[in-house]
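Reader: Please set out the architecture of the model shown here, together with the terms on which the description rests.

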Amino acid sequence: MPDTTPDAAAALNKVVEALHGLDRDLDGVSVAELLWLAAGAQNRAAGGDGSGITRGASASASASDPREGLSDWDRLRKPLYEPSAGGSGAALPARVVSLPRGAALPRARELATALRPLRRPWLAGRRQQLDIEATVSDYARTGELVPAFRPTPERWFDLTVVLDRSPTMAVWGDTVDELLKVLSRTGVFRTLRVRDVSIWDADSEPRSAQGRPPGAGPRNAQPRRLILVVSDCVSGAGGDNRLWDRIHHWAGAIPTVLLNPLPPKIWRHSGLDLPAVRVTPPAVPSVRNAQLRFTAPPLMDHDFQQRGSRRHTWLPVPIVGLSPRAVAKWARTLMRGDPEGCEAVLVPEPGLLHRPPAPEGTSPDGALLVEAFLHRASTAAVRLAVLCSPYPQLNIALLHLVRQELVPEATSADVAEVVVGGLVSIVEGETGRGGPVLRFREGVGERLASRLGARDALRTHDAVSRFIAAHALAPSRFPALVPDAAGDAEIASGLVPFAAASARTLRSLGLAVEEVATTAQEPTAVEAPLPSPGRTIALGTASEVDEARQLRARPVPRDPARRPYFFLSYAHTPRYGTGGPDPDMWVERLFRDLCGHVMAMTDLPAGVPAGFMDREIRTGEGWSERLGEVLGTCRVFVPLFSPRYFTSETCGKEWYAFAQRAIYHQAKSNRPAEAIVPVQWVPMPPEQLPGPAERLQFNHRAMGDRYVTDGLYGLIKLRIFAEEYERAVYELAKRIVSAADATRLAPGSPVDYRHAPSAFGRPSGGARPMHVTVAAPTRHDLPDGRASDYYGTQSQDWNPYYPDSARPLAYVAQDLVRSLNYQATVSAFDHETQSQLSRPPTRPELLLVDRWALEDEEWRQRLAAFDAEPRPWVSVVVPWNRNDPQSRVAEAELVQRLERTMPRQMRQGRAACRAAARGVPSMEAFGQLLPEVVESVAQEYLRHAEAFPPGGARRTEYPGSRTYHIPLSVEEGEDS
């Protein structure tokens, strides 16, 4: 019991007064958190000084240290800083590391969907295909078999993207790159070309060899070419009309559209202050801008009275933002599918518009800038700015990362409001250091930080750290600095770390842990060891900085002994009509009954949760974070089978997240982990179950015959079955406790629930085939000096992650693939397999390659011959154990040999496939990359597999017939 004497109360008041006297803005919640952390630190710090910070390198956490429950906790955890040339005074030596980026283009899939109206085919293509009906008709009429051909439909447009390379557009470099990827992957355009043009360079007009504008062709009634100009139009805000002169020139010859990344409500404050109109489509789709219909603005009637002036003097140019709705309206208007039309501006011919340059004035102080921003900005933009306020500077990559992890509802327009809202100044970054740097203007950061609670500041630091740890192998990167006494870079004093990286994360980033470890007595010049509002506090040694940052930035995890016995996974049933009872209340009743039985069958103390369902998430708690945490710690997974369950993406993600833990457990212990206890909420025929559910070995008859025929929902709804319901729930609780005690599944890392795939695959399809092939030597034909601990009598016995894994990797990969609802098979890469892979594809393939196999000349020849032919439906995965001393010493040589042997496979496929081919350093990284690689090769297989008509009949090949594949090319800087 706590001490409630008057002396204790007086002492507590003195402590609170002392905390308020630190000249920091501490609210009641912050004071309570400090007291709670201090109380916990006294119990942890054996022999400490009572401050809650363990000093010195020899300090060790006691057995009650809650951080021991964190799988990524270690004493070499290091802060990450933004590269900067600013600051004053002493600097801390550091090394540059490359960190994963967040998505720079939110709602990218919706943008790709918005382009669907442009998929309309051009029927009179330039290539020919066999016309079967005409051929048969002519043969029946004349008796002579003469093939007849007709034009092949093809994609309508050749797209040219003109990128404004003005200084202000450098901020949107990552967003533009993501946009180009979306445009190239949708398959909407026949070709895609990219042209750069700087508005400030009078000689930068991009032209073809014939002197025409980019993409310009002959003036026909329905142009086949399209120009997309990407510009923020800020360069035209000071009286510079060169952008509009060029757009008018291009729009006169070819359909032209302007895409502005800024939010529409501030377009008028940039150079986009031209007359606004709404254009409607003409009688035919895809026409030049001069043929778009619009109504002249009231004050411009006189400009359109003379014949022809409308077409030659003012040209309508559609304008869209990075909004799927705006892009869809423009696409439908262009293809004559939306009678309402879309927004546009009237662009005058060169020399017609004269605007005075913008006056130069002094910028207001920080208080006025913040007040103006809070008045006009969106809620998401305000929250994003407040969360970033502790950092004196940040780059766009970090801004997008904070948006993605903490403000997922924010769009590119919200990011733009932060950038152009007057809060920051944009300065050019150092070469190779992440592009432009955003620095809060004087007085702005302090004003915004006053609105930031301590809880949100710590949550920001933790969320970014978790993202970096979970996506350490992602291909897209931005630079950061990590303290390193032997590094060639410097961390300016006064900077605030935006995240932290554990030793395991640093190893995944390619940095040796021993090199970044700092001695306990090494002095540093680091201030403000974590992002928090108010003033900074200087700490003296690196160990103090690291320990203080960990105690404040990391949330104290729950005791592993208090983790729930089971996770109840169910599909939410929508309400029928308005009002009425909650349809999921019966699931909640089942959950309460199960918890009561589990408590009675175990020795769980009072207050320890027996189970978890999503209704246990409290208001204000991070939904995805809480689900990911419980899925990483619960002992048994209990899915409620129903038709709605297996069509729910949420339920599929929950299943996959837990199944991945069970697969890791089996790999490390080499014992099966049967920790999924299924329940029939509504009876399901076995043939309707997806692969992961169908493979479960479970006897439902033991829970009663009535349960088998009606399910738990039928038993709980009808009173006459009350006894059968009680029996079924009791038996189910016994199964849960038995499975938990028999398996003893160890806690895993928190699951990144939002990015987890679904275990049920596509809603419309069943289990799909997938083959895993292993290219590795056996124990009997190893290269000279290679340790035999990682190999067996067959290639399939290769275990590169030994001793962390006790099971061959091929069978771990097979289980991971099966958990994604694939029918996975395994074989060795022998001569028979190689000949089979040379035939037309019958299934997607994963090829696991051991780099040590390339020491043998025969292996090199076989793999080189395999790489000689394009097989996009096969992806190479190179497992690579950085803890293997032999592999670490020979890594550079073996990597070069693999790149020379299999150059095509090393560079083909999506980013995840290329990352897997470069090397996967751990079992956890292998599990993270494999779902993306599997999905990529499955899609490539569907593109290249042989198609058959309905009924199973094979298609007939006529003499002279050919199948054409038109690739989509992306060229930059030159005409094709």
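Author: Rings of Phe, Tyr and Trp (its six-membered ring) count as a pair if their centres lie within 6.5 Å; planes under 30 degrees apart are called stacked, over 60 edge-to-face, and the rest tilted. The model is predicted: local features need pLDDT of at least 70, side-chain atom pairs count only at pLDDT 80 or more, and totals for chains, interfaces and linings use all residues. Residues are numbered from 1 along each chain as its sequence is written, and side-chain values use heavy atoms, with hydrogens and water left out.

Reader: Which residues form one aromatic cluster?

Author: The ring-pairing rule gives a count of 19 aromatic pairs. One cluster is formed by Phe567, Phe612, Phe637, Phe641, Tyr645, Phe646, Trp655, Phe658 and Phe760.

Reader: Is the pair of phenylalanine 829 and phenylalanine 866 stacked or edge-to-face?

Author: Phenylalanine 829 lies in the loop between strand 26 (822-828) and helix 25 (831-837), whereas phenylalanine 866 belongs to helix 26 (residues 857-868), 37 residues apart; helices (H or I, at least four residues) and strands (E, at least two) are DSSP runs numbered from the N terminus. Phenylalanine 829 is buried at 1% relative accessible area, and phenylalanine 866 is buried at 0%; buried means under 20%, exposed over 50%, and partly exposed in between, with a 1.4 Å probe and protein chains only. The ring centres are 5.7 Å apart and the planes stand at 85°, so the pair is edge-to-face.

Reader: What share of the 976 residues is buried?

Author: The protein has 31 helices and 29 strands. Of the contacts with a separation of 6 or more, 77% are between residues 24 or more positions apart, a contact being heavy atoms within 4.5 Å. Among the 976 residues, the buried share is 50%.

Reader: Which residues of helix 5 are buried?

Author: Helix 5 (residues 173-185) has 13 residues and reaches 19 Å from its first C-alpha to its last, close to the 18 Å expected; the expected span is 1.5 Å times one less than the number of residues. Just after this helix, glycine 187 takes a positive phi of about 75°. The buried residues of helix 5 are Gly173, Thr175, Val176, Leu179, Leu180, Val182 and Leu183.

Reader: Is arginine 744 buried or exposed?

Author: Most residues other than glycine have a negative phi, and most peptide bonds are trans. Arginine 744, in the loop between helix 23 (722-743) and strand 25, has a positive phi of about 50° although it is not a glycine. With a relative accessible area of 63%, arginine 744 is exposed.

Reader: What is the omega of the cis peptide bond that joins tyrosine 802 and proline 803?

Author: Proline 803 is found in the loop between strand 25 (768-775) and helix 24 (809-818). The cis bond from tyrosine 802 to proline 803 has an omega of about 5°.
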